[in-house]
Amino acid sequence: MKKNITINLCGRLFQIDEDAYELLQQYIESLRQSFGRKEDGDEIVNDIEARIAELFDELRQQDVEAITIDHVKDIITRIGKPEQLTGDDEGKEEEHKTSSESSNAQSIFDNMRARTAGKRLYRNPNDQMVAGVLSGLASYTGTDATWWRIGYVLLILGSNIFLAPLFKFFFHGSFFSINLGLIILYFVLAIAMPTANTPKQVLEMEGKDVTPQNLADVVVEDKQPVQQHRGCLGATLTVILSIIAGLFVGFAAIFGLILLVCLLLIIVSIIIVFTVPSAMHIPLPFDINYLNLAEMYASHPWVVAVFIAGLLLTLFIPLYAIVHMLLSKSGKIQPMGVGQRILWIVLWLAALFSMIPSLIWVHEQASEREQAHYRKTHTYQGVVMNSQDKDFLRQGDWKLIKAENCAHLTSSGEHWSGDHNTRYLDAWNGDCEEVYQVEHTGQVEPGIYRLDCLARAEGPGTYIYAQAGQRTMFKQIPAYGNTGGEFVEQVREKMADVQIKDSVGERLVSTTTVEIMGMKFHINDYEKNGSKSLSDYFGEGKGWSLVSIDSIVVSNGSITYGVSTDAAFTGQPCHAQWFSASDFKVTRIGDLPNN
């Protein structure tokens, strides 16, 4: 059953079925296009419409209740095709005659022109794997779409094997960037090429004349571009590309879901930042606290507004495009037109290129604010340092004399005791340019003292020193690096002195402890073939050595000691990339001599 439509043609009402109406509409539209550039073209089309109305009247006088498509075809044949009415057939015949007289030795370019003559480039929606680009190119060039698809796949694979090494050598890139470029090229063509949605566009894509008869064939018989027969290879490739297209749609859906979640989290975070006064201390689902947008909005509202709008649009537009694509593939809505796609791309690029500079500016402002806050809270004795260095020096009442070219001022992880959490003085510079001096002053009774500490260095030029009155005494730290060292050997010697073997000679049975630097090491469970060893206490020595300065005469009641790499102070250049010093201990060893 076909639906009848009432139309008004030249002031007369006629009943016409929907197929006939569509064909008539296409015919009149083709007439307007043919006569549109001619003088008095509109009058000619109106006259033809009046003639069609007269012929419809004749049919109604013959008791025809509704005009069918056959009636319309007959009327079009009687009136004539648009190209016949405008004389375009003669031009085409002359052009064809001229073309046939050309030499048979034509170039590849001329052959391609012959293949594409009279055609327009469209995406083919009736033979598409992803967007119909390759099928459209095949129709335009008069070739099989299967070979275009095979060529595209081989181009991607071949770029990985042959082009990637050259690309990487000359442009410092990789095959990922080549493949990405090929994929981007495909989608650029998908955006730039229009889709053959209407019967007229289908005929233009095939290179056929847009005649009423051909339009009627497309409208009535739903005739689509001829599908060429595919062999086994083509069928296999079709299946593979169908799987790839399905995976692409699935990936797009997952990516769209991720975009949706990110967009919602950002919106929630922005709302919290601008509505909650103490949002800086709230853990947000999408952490943008460090940007301090609410405070920055008060001084630079336009920059913050551009950043937020650009950020939201940068996420929303691809999300909208993915949702629209999925709905169009399910047949619920029509695909986007070329103009609509270009508009969304322009909007997305505008959002992206407005968001990026505003984000850079906002981030720079936030970084400057963070650095100012860091300098305020991490400055000790005029030197900016991390909180661990600051706490260690402050708690040890260390006075920082110099700290230049030092990656850090303290460290942990290789303490001589084996405790990885114990912190100690430490400085590092890969070019041996650290200038570091730190000291501690303590009150003691007058007398003669000895300074002991454990230290290590990567090279010469780092000194432990002690000051009492006007005299400064130096002792260079032995340079063992971070392996071995004198201290571990001293401990081994002391342990050897207290070890007592039983009659079997397999087990150490001593319950004695070894004390060095005030530290007691229990060796009663030390077994020759057991689980415990000296490395449980000291690792492999880590380069630590016992450094002592004897005969420090203190008469004024105070002693200052520390460590320095400053050549201006020690008199010797520093050639060590790093040093460590720990566990300074002052011991009174005698009284002042009586004068």
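**View 1. Buried residues and overall make-up of the chain.** In this predicted model, buried residues account for 36% of the 595 residues in the chain. The secondary structure consists of 19 helices and 16 strands, and the accessible surface of the chain comes to about 34200 Å², with 57% of that surface belonging to carbon and sulfur atoms. When contacts between residues at least 6 apart in sequence are considered, 65% of them join residues at least 24 apart.

**View 2. The open sheet of five strands.** The strands of this open sheet follow the order β6-β7-β16-β9-β14, and their pairing is antiparallel. Strands β6 (410-412) and β14 (545-554) stand at the edges, and because each has a single partner strand, one side of each is left without a neighbour in the sheet. From one strand to the next, the twist averages 40°. Helix α16 (residues 387-395) packs on the sheet, where this helix touches β6 and β7 (423-428), and the direction of the helix makes about 125° with that of β7.

**View 3. The pairing of β9 with β16.** Strand β9, which covers residues 447-457, and strand β16, which covers residues 578-590, pair in the antiparallel sense over nine bridges. Within this pairing, Asp-452 has Lys-585 of β16 as its bridge partner.

**View 4. The aromatic pair of Tyr-436 and Phe-579.** A search of the whole structure finds 14 aromatic pairs, and one of them is formed by Tyr-436 and Phe-579, whose rings are tilted, with 5.3 Å centre to centre and 55° between the planes. This pair links distant parts of the chain, since Tyr-436 is in strand β8 (residues 435-443) and Phe-579 is in strand β16, 143 residues apart. Tyr-436 is buried, with a relative accessible area of 0%, and Phe-579 likewise counts as buried, at 0% relative accessibility.

**View 5. The aromatic pair of Tyr-561 and Phe-584.** The rings of Tyr-561 and Phe-584 form a stacked pair, with 5.5 Å centre to centre and 20° between the planes. Tyr-561 lies in strand β15 (residues 558-564) and Phe-584 in strand β16, so the pair ties together parts that are 23 residues apart in sequence. Tyr-561 counts as buried at 10% relative accessibility, and Phe-584 counts as buried at 16%.

**View 6. An aromatic cluster.** Tyr-463, Tyr-465, Phe-474 and Phe-569 together form one aromatic cluster.

View 7. Arg-341 lies in helix α15, which covers residues 338-377. At 18% relative accessibility, Arg-341 counts as buried, because the cut-off for a buried residue is under 20%. If residues up to four places away in sequence are not counted, Arg-341 touches Arg-123, Ala-190, Ile-191, Pro-335 and Met-336.

**View 8. Cysteines without a disulfide.** A search of the whole structure finds zero disulfides. Cys-574 is in no disulfide, and the nearest cysteine sulfur, which belongs to Cys-432, is 6.5 Å away; a disulfide would need the two sulfur atoms to be within 2.5 Å. Cys-574 is buried, with a relative accessible area of 11%, and Cys-453 is also buried, with a relative accessible area of 0%.

How values were computed
Residues numbered from 1 in each chain as written. Predicted model: local features only at pLDDT ≥ 70, side-chain atom pairs only at ≥ 80, totals over all residues. Heavy atoms only, no water. Pairing = 2+ DSSP bridges. Helix = DSSP H or I, 4+ residues; strand = E, 2+ residues; numbered from the N terminus. Axes fitted to C-alpha atoms, helices over the stretch in contact; angles between N-to-C directions. Contact = heavy atoms within 4.5 Å. Phe/Tyr/Trp six-rings, centres within 6.5 Å; stacked < 30°, edge-to-face > 60°. Buried < 20%, exposed > 50% of the residue type's maximum accessible area, 1.4 Å probe, protein only. Areas by Shrake-Rupley, 256 points an atom, 1.4 Å probe, with all protein chains shown as cover.
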